[in-house]
Amino acid sequence: MPVLNRAELSRTGVIFVALLLAICATGAAAREFRAADTQAEDYPTVQALRYMGVLIAERTGGRHEIKVFHSRQLGEEKETIEQTRVGAIDLNRTNVALVGNFVPAMNVLAMPFLFRSIEHMQKVLDGPIGSEILGSFEPYGFVGLAFYDSGARSIYNGVRPVRGVADLRGLRIRVQQSELMSQMIRSLGTEPVEMPYGQVLTGLANHLIDGAENNWPSFVTTDHYKHAGYLALTEHTMSPEVLVISLKAWQSLSPDDRTVFRDAAQRSSRFMREKWRDLEEQSQRKAEAAGITVARDIDRKSFEDAMAAIYAKAGRDPAAAALIERIRKVE
């Protein structure tokens with residue numbers, strides 16, 4: 001066997017230590033990021049998160065991966081948002097109404113009858129206003145990465161057809177666990193019932209609630225339509241979904257990796273919109289084929305007028321009032 005002199009041994013030792021440090025550094029930098037979503041495995045938002053994970057794995061050579069926990073595996077949205085804020089969950093897809101309990105600007109996006117159409121909403125979110133809002137998350141323990149579509153939310157129930165505000169009086173309507181959503185439903189003369197998303201089907205089936213409000217895919221994929229045969233096409237909110245990463249997870253990333261995550265999130269948003277449009281059309285056809293009564297000729301003005309107090313309250317906050325005005329001016 002060859003005999004190494006002292007100099008050769010020294011050089012070998014230095015090389016070995018350098019290699020060991022490089023391996024350790026690479027290992028420390030590599031991570032599996034946990035992402036939470038309450039929707040089912042084949043839902044567009046879940047598919048978008050997985051697509052984002054593929055992009056990140058490709059761009060980082062497999063150093064970073066995303067493991068998606070769908071179907072409320074990590075809890076209901078209110079619970080997962082709180083866990084994300086403290087860093088126990090890395091990524092979270094949630095509705096703006098719920099994250100609005102922490103990030104004030106999100107409550108503006110959840111305001112009823114704020115957006116004139118889905119196209120108007122997308123133009124706002126894809127422009128400077130959307131970028132500014134995503135940039136406002138950090139003081140609250142999150143970093144905003146991208147917006148996902150959530151369609152328009154309408155009211156459905158299992159008691160009677162609804163065409164105007166008067167038809168809603170006395171009904172118990174499930175809303176998200178959000179003060180703003182409760183105020184909105186209360187303004188329509190109904191009793192708001194704050195309930196986790198996963199409990200709505202049981203609530204409808206057992207008549208603990210008379211109805212709820214949501215978009216077409218959520219109405220159908222959760223089987224709500226089987227217990228709520230009347231849908232009023234109120235389209236009262238077009239609040240989007242938002243993808244956030246915990247500030248703790250964000251700070252663990254290098255500047256280059258942060259760029260990779262932002263780019264992958266934006267690309268996943270465009271991917272999600274395509275999937276969403278297809279599912280929305282399929283869901284509407286399925287509901288109507290099942291015999292759901294859809295009221296399209298609603299008295300929209302009666303609904304909008306009922307929101308006056310909510311807008312008056314928002315107007316007392318200069319920041320919220322200014323943001324509402326900017327959004328309305330977007331053509």
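Student: Before we start, what makes a crossover right-handed?
Tutor: A crossover is right-handed if, with the strands pointing away from the viewer, the path from the first strand over the helix to the second runs clockwise. Please keep in mind that this is a predicted model.

Student: Which elements make a right-handed β-α-β unit here?
Tutor: Strand E6, helix H8 and strand E7 form that unit.

Student: In which sense do E6 and E7 pair, parallel or antiparallel?
Tutor: The pairing of E6, residues 172-175, with E7, residues 191-194, is parallel and runs over four bridges.

Student: And which residue in E7 stands opposite Val 175?
Tutor: That residue is Glu 194.

Student: Turning to H14, which of its residues are buried?
Tutor: Helix H14 spans residues 308-315, and Ile 310, Tyr 311 and Ala 314 are buried there.

Student: Why do they line one face of the helix?
Tutor: Viewed down the axis of H14, the buried residues fall within an arc of 95°, so they line one face. In general, an α-helix has 3.6 residues a turn, so residues three or four places apart point the same way.

Student: What do the buried residues of H14 pack against?
Tutor: They pack against helix H8 (179-187) and helix H15 (318-329). Helix H8 is also part of the β-α-β unit with E6 and E7.

Student: New topic: where is Thr 80?
Tutor: Thr 80 is located in helix H3, which covers residues 77-85.

Student: Is Thr 80 buried or exposed?
Tutor: Thr 80 has a relative accessibility of 2%, and because the cut-off for buried is under 20%, Thr 80 counts as buried.

Student: What does the side chain of Thr 80 reach?
Tutor: The side chain of Thr 80 reaches the backbone oxygen of Glu 77 at 3.0 Å.

Student: Which residues does Thr 80 touch, not counting those up to four places away in sequence?
Tutor: With those sequence neighbours left out, Thr 80 touches Ala 36, Leu 74, Gly 75, Ile 89 and Asn 92.

Student: What about Ser 71: where does it lie?
Tutor: Ser 71 lies in the loop between strand E2 (64-69) and helix H3. Although Ser 71 is not a glycine, its phi is positive, at about 55°.

Student: And what is the phi of Arg 72?
Tutor: The phi of Arg 72 is near 65°, again a positive value in a residue other than glycine. Arg 72 lies in the loop between E2 and H3.

Student: How accessible are the two, starting with Ser 71?
Tutor: Ser 71 is partly exposed at 34% relative accessibility. Arg 72 is partly exposed as well, with a relative accessible area of 32%.

Conventions. Residues numbered from 1 in each chain as written. Predicted model: local features only at pLDDT ≥ 70, side-chain atom pairs only at ≥ 80, totals over all residues. Heavy atoms only, no water. Buried < 20%, exposed > 50% of the residue type's maximum accessible area, 1.4 Å probe, protein only. Helix = DSSP H or I, 4+ residues; strand = E, 2+ residues; numbered from the N terminus. Arc of directions from axis to C-beta. Contact = heavy atoms within 4.5 Å. Pairing = 2+ DSSP bridges. Polar contact = N/O pair within 3.5 Å; in protein donor to acceptor, adjacent residues only side chain to side chain.
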